[in-house]
Amino acid sequence: MPTFKELTKIIEHTPVEQAILLEGIHGIGKSEWTKQKLIEQGYRVIMRFAGQMADAGDFIGLPNRTEKVVNGVSHIVTSFAPPDWWPLDENEKVAVLLDEVNRGKPEINQCLMDMVLNRELNGRKLPKGTRIFGAVNPLTSEGTYQVEDMDPAFLDRWNRYVVNPSSDEWCDWAAYNGISNLVISFIIKNTHELDPPTEEELVSGKVYPSRRSWERVSKFLESIITEDGKVDKELLGNYMI
């Protein structure tokens, strides 16, 4: 289970045409870290949320009536216009980041299989330099996450990694991104409070701390600093309940 630091090296040595799937519990920064890392490398990142797509048309675009001439005879045929997010510039560095991959409907995943394996949709090829990344929450025996099982044929199309980021990595990220020193100091002393428990210990419907939620705490802290520079502890206590 690689850390984000180890994943950085893995991505650098992974051929562009190989899609990378990151799996891990919620709130550990899979999508956000990937997006930030790709932007640092000069990529334009296109994010798509598979779980929010109503049908395949949201992913592959809609059909158009076009003319096709065969042996001098004109025919009206149907072709799909690419969706507005589809990369078209062969010279642009683009990465497609597919979030919530295992929350999508079966017809969405069929489209994803074509895109991940063949790097195309409805016969339309991705530009050669385009990278594909995905992020998922794990399927647990307790049914903690409302996700679907990914069949072996679908998983075989990805380079899959179960992410295990360290607390030190988050503290470095937090300091760089302006997270409150109060939050960082607390996590340094209480590293067990940074992430939710392991998959086996998660209970559906229960709220746990996460890297994402600590970022929200930091932003809340900024708004409750009193005029003398102190934190309104009572207000913070109610927020943290």
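Strand β3 (residues 63-70) pairs with strand β4 (residues 73-80) in the antiparallel sense, over 8 bridges. Strands here are DSSP runs of E at least two residues long, helices are runs of H or I with at least four residues, and both are numbered from the N terminus. Two strands count as paired if DSSP finds at least two bridges between them. To find one of these bridges yourself, look at Thr66, whose partner in β4 is Val77.

Together, β3 and β4 make a hairpin with 2 residues between them. In the turn sits Asn71, with a positive phi of about 55°.

A word on what you're looking at: this is a predicted model, where local features need pLDDT of at least 70 and side-chain atom pairs count only at pLDDT 80 or more, while totals for chains, interfaces and linings use all residues. Residues are numbered from 1 along each chain as its sequence is written, and side-chain values use heavy atoms, with hydrogens and water left out.

## The parallel sheet

Now for the open sheet: 5 strands line up in the order β2-β5-β8-β1-β9, with parallel pairing. At the edges are β2 (44-49) and β9 (158-162), each of which pairs on one side only. Ignoring direction, neighbouring strands of this sheet are turned by 20° against each other on average. In general, the strands of a sheet pair through backbone hydrogen bonds, either parallel or antiparallel.

Zoom in on β5 (residues 94-99) and β8 (residues 131-136): these strands run parallel and are joined by 5 bridges. Leu97, for example, has Phe133 in β8 as its bridge partner.

## Salt bridges

How many salt bridges are there? The count comes to 6, where a salt bridge is a side-chain nitrogen of Lys or Arg within 4 Å of a carboxyl oxygen of Asp or Glu. One of them links the side chains of Glu23 and Arg160, at 2.9 Å from N to O. Glu23 is in strand β1 (residues 19-23) and Arg160 in strand β9, so this pair ties together parts that are 137 residues apart in sequence. Glu23 counts as buried at 9% relative accessibility, whereas Arg160, at 42%, counts as partly exposed. Buried means under 20% relative accessible area, exposed means over 50%, and partly exposed is in between (1.4 Å probe, protein chains only).

Another salt bridge joins Lys125 and Glu120, with the closest N and O atoms 3.0 Å apart. Lys125 is exposed at 52%, while Glu120 is buried at 18%. Then there's Lys219 with Glu215, where the closest N and O atoms are 4.0 Å apart. These two are 4 residues apart in helix α8 (residues 211-223), so about one helical turn separates them. Lys219 is exposed at 54%, and Glu215 is partly exposed at 26%.

## Two helices side by side

Helix α6 (residues 167-176) and helix α7 (residues 181-189) have axes that come within 10 Å and cross at roughly 170°. That makes α6 roughly antiparallel to α7. Angles under 35 degrees count as roughly parallel, over 145 as roughly antiparallel, 65 to 115 as roughly perpendicular, and the rest as oblique. The axes are lines fitted to C-alpha atoms, for helices over the stretch in contact, and angles run from 0 to 180 degrees between N-to-C directions.

Which residues meet here? From α6 come Trp170, Cys171, Ala174 and Ala175, and from α7 come Val183, Ile184, Ile187 and Ile188 (contact means heavy atoms within 4.5 Å). The residues of this contact divide into 8 nonpolar, no polar and no charged. Nonpolar covers Ala, Val, Leu, Ile, Met, Phe, Trp, Tyr, Cys and Pro, charged covers Asp, Glu, Lys and Arg, and the others, Gly among them, are polar.
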